[in-house]
Amino acid sequence: MIHFDLSSRLKLKTTISAVSLMLSALTPSLTFAISANNADFPARNAAKEELGKFLFYDKILSGNKNTSCATCHHPLAGTGDGLSLGVGEGGRGLGIMRDTGSGSDAIHERVPRNAPFVFNLGASEFVRVFHDGRVEKDSNAPSGFRTPAGDAFLPGIDHALAAQAAFPPTSNTEMAGQAGENEVADAAAAGDVQQVWSLLTARVMAIDEYRTLFAKAYPDLKVPEEITFAHLANAIGAFEAAAYRADNSPYDYYMMGQTAAMSKNAVEGMKTFYGRGQCASCHSGKFQTDHAFHALGMPQIGPGKGDGFEGHDDYGREQVTGDANDRYKFRTPSLRNVALTGPWGHDGAYNTLEAVVRHHLDPQKSLSTYDVSQAVLPSCTDLDEQDFIVHNDEISRTNLASSIEINPVALTDYQIKQLLDFLHALTDPNSLDLRSTAPKRVPSGLSLAD
Ligand code: HEC
Ligand code: HEC
């Protein structure tokens, strides 16, 4: 992937300020538009990234050795899975072709939220991850992170993105499998995350090729004695940060002074985004996110997170803070590469970029007229009937509607088209073909095929 080196980025900074000034003369709100540079991302480390690439694609990290991170964050699906709600452990196939398994191996529940993209999450400003921010940097916590593992979280983690990588293997639905199927699943079901991490570390360390890779990535450590799951997580984080950096979009070139990089309509859309559309009141900064939590009233689909009506609702940020004021709030996502990352919203309720943008413009109406047929949910007889339980419950829908914190914005159809053109201008062309980010084989010898 081509990225500007720091010096050329810095030289361009001067141009950027000149352009920003120029733009601000045109429309004052555009001064909020800024782009990123190398200093925003962690220092590169080839040996760690190489190791992380294998771990990201290796099913060895799942209890039954049948699911990898890439199962749900695949290079052919914009680092997501192309589904509204992911199909974890038990499913077969990739992306929208994935099924829900069969017989006793069939999935037991859908993953309750949409698998987000992994683009740019290594940038230092991403101090919290997950739709509800349940993994976040916290200097008061012993490990430096606030996570569902509490004070017992692994010490020595590099950044929030690396911290996140410790959690999917501890989820029975995502990677561990069902209790009784394997010892990792048993530990996960018992809530013993430390045991999950040590079992998986031992599994990986039993493979010669991995020991060699760890020795290269961590030359100061005794391998395998001193390796913990934190070293696995840091390697995965290093790989994700480097491979899925995506800040060479037409928007970035435009901000560096190449005004021809964006079409006239995209520039108009950008003015709407930073002006009348009020998008930047939440989608602000270099990556179009304030990293905060807001209630938008996106329709609730799928099994939910144990909240509300029959336990099938999802209270979002309240799950983390316990504060009812945070009910239905979800983290503002970055909009980099957003055109590549459908379906959209924390539960993938919307299957077109236009539909999710229109939701913002009139959330109440969009919620009450939501067309459930757009949800991309591979069928599973036992689960299908749960999928719209909450959405079809009038009281739940009214509660959700009353939490909505944005007012309708009136835009013409043409302005909406231009806004979409701007969102497309946030696509880094390098991200259109991510084949080079996938290994041809993994050290465990397990299949990469599905
Ligand atoms: C079964 C599907 C599945 C698997 C397997 C999986 N993920 Fe995810 N991933 C998800 C879902 C769903 C979420 C969002 C969950 C939430 O926010 O509550 C997520 C969230 C994330 C995020 C946070 C993104 C953000 O914007 O906050 C990252 C990073 C990530 N996963 C990386 C990984 C890594 C690394 C692995 C392997 C160790 C992995 N995932 C395995 C489905 C999956
Ligand atoms: C009040 C804050 C706020 C404002 C204003 C806002 N957004 Fe959002 N946006 C969010 C949040 C929060 C989400 C995620 C909501 C969810 O998943 O439930 C989101 C999601 C999105 C998504 C889907 C991203 C994805 O990966 O699924 C798009 C596209 C988007 N916003 C575009 C816009 C546009 C365009 C505007 C202006 C018309 C706008 N937003 C205004 C907070 C806001």
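Guide: Let us begin with the overall arrangement: the C-alpha centres of domain 1 and domain 2 lie 26 Å apart. Please bear in mind that this is a predicted model.

Visitor: Which stretches of the chain make up domain 1 and domain 2?

Guide: The domain assignment gives residues 6-39 and 248-429 to domain 1, and residues 46-245 and 433-437 to domain 2.

Visitor: How many residues of domain 1 are in contact with domain 2?

Guide: On the side of domain 1 there are 43 residues, in contact with 35 residues of domain 2.

Visitor: How is the size of such an interface expressed?

Guide: The size of an interface is often given as the accessible area lost when the parts come together. Here, domain 1 and domain 2 bury about 3300 Å² between them, and 53% of this area is on carbon and sulfur atoms. In domain 1, the residues that lose the most area to domain 2 are H291, R331 and P378, which together account for 20% of what that side buries.

Visitor: How many salt bridges and polar contacts are there between domain 1 and domain 2?

Guide: Four salt bridges are counted between the two domains. The count of residue pairs in polar contact, both at pLDDT 80 or more, is 17. As for the elements involved, α12 (318-321), β5 (329-331) and α15 (381-384) each supply at least two residues of the side of domain 1 that touches domain 2. The largest share, three residues, comes from α12. By class, that side of domain 1 has 15 nonpolar, 17 polar and eleven charged residues.

Visitor: What is the general idea behind a salt bridge?

Guide: Side chains of opposite charge can pair when their charged atoms come close. In this model the count comes to 22 salt bridges. One of them joins R113 and D132, with their closest N and O atoms 2.8 Å apart. R113 belongs to the loop between α3 and β1 and D132 to the loop between β1 and β2 (135-137), so that the pair links distant parts of the chain, 19 residues apart.

Visitor: Are R113 and D132 buried or exposed?

Guide: R113 counts as buried because its relative accessibility, 7%, is under 20%. D132 is also buried, at 1% relative accessibility.

Visitor: Which other residue meets R113 in a salt bridge?

Guide: The side chain of D314 does so, at 2.7 Å from N to O. D314 and R113 are both buried.

Visitor: What can be said of the salt bridge between R358 and D413?

Guide: The closest N and O atoms of R358 and D413 are 3.2 Å apart. This pair connects helix α13 (residues 353-361), which holds R358, with helix α18, which holds D413, across 55 residues of sequence. R358 is partly exposed, with a relative accessible area of 34%, and D413 counts as exposed, at 53%. Returning to R113, salt bridges that share partners join R113, D132, R134 and D314 into one network.

Visitor: How should I read the sides of a helix?

Guide: An α-helix has 3.6 residues a turn, so residues three or four places apart point the same way. In helix α11 (residues 264-274), the buried residues are A266, V267, G269, M270, T272, F273 and Y274. These buried residues pack against α10 (250-255) and α18.

Visitor: Where does S431 lie, and what does S431 contact?

Guide: S431 is found in the segment after α18 (413-424). Because its relative accessible area is 4%, S431 is buried. Leaving aside neighbours within four places in sequence, its contacts are F119, A246, N337 and L340. With N337 there is a side-chain polar contact of 2.9 Å.

Visitor: Is G93 buried or exposed?

Guide: G93 is buried, because its relative accessible area of 19% is under 20%. G93 sits in the loop between α3 (69-72) and β1 (128-129). Not counting residues up to four places away in sequence, G93 touches R98 and D450.

Methods:
Residues are numbered from 1 along each chain as its sequence is written. Chains are lettered from A and ligands numbered from 1 in the order in which they are written. This is a predicted model: local features need pLDDT of at least 70, side-chain atom pairs count only at pLDDT 80 or more; totals for chains, interfaces and linings use all residues. Side-chain values use heavy atoms; hydrogens and water are left out. Helices (H or I, at least four residues) and strands (E, at least two) are DSSP runs, numbered from the N terminus. Buried means under 20% relative accessible area, exposed over 50%, partly exposed in between (1.4 Å probe, protein chains only). A polar contact is a pair of N or O atoms within 3.5 Å; within protein, one must be able to donate a hydrogen and the other to accept it, and residues adjacent in sequence count only if both atoms are side-chain atoms. Contact means heavy atoms within 4.5 Å. Domain bounds come from an automatic or database domain assignment. Buried area is the accessible area (1.4 Å probe) that two parts lose on being put together, summed over both. Ala, Val, Leu, Ile, Met, Phe, Trp, Tyr, Cys and Pro count as nonpolar, Asp, Glu, Lys and Arg as charged, and the others, Gly among them, as polar.
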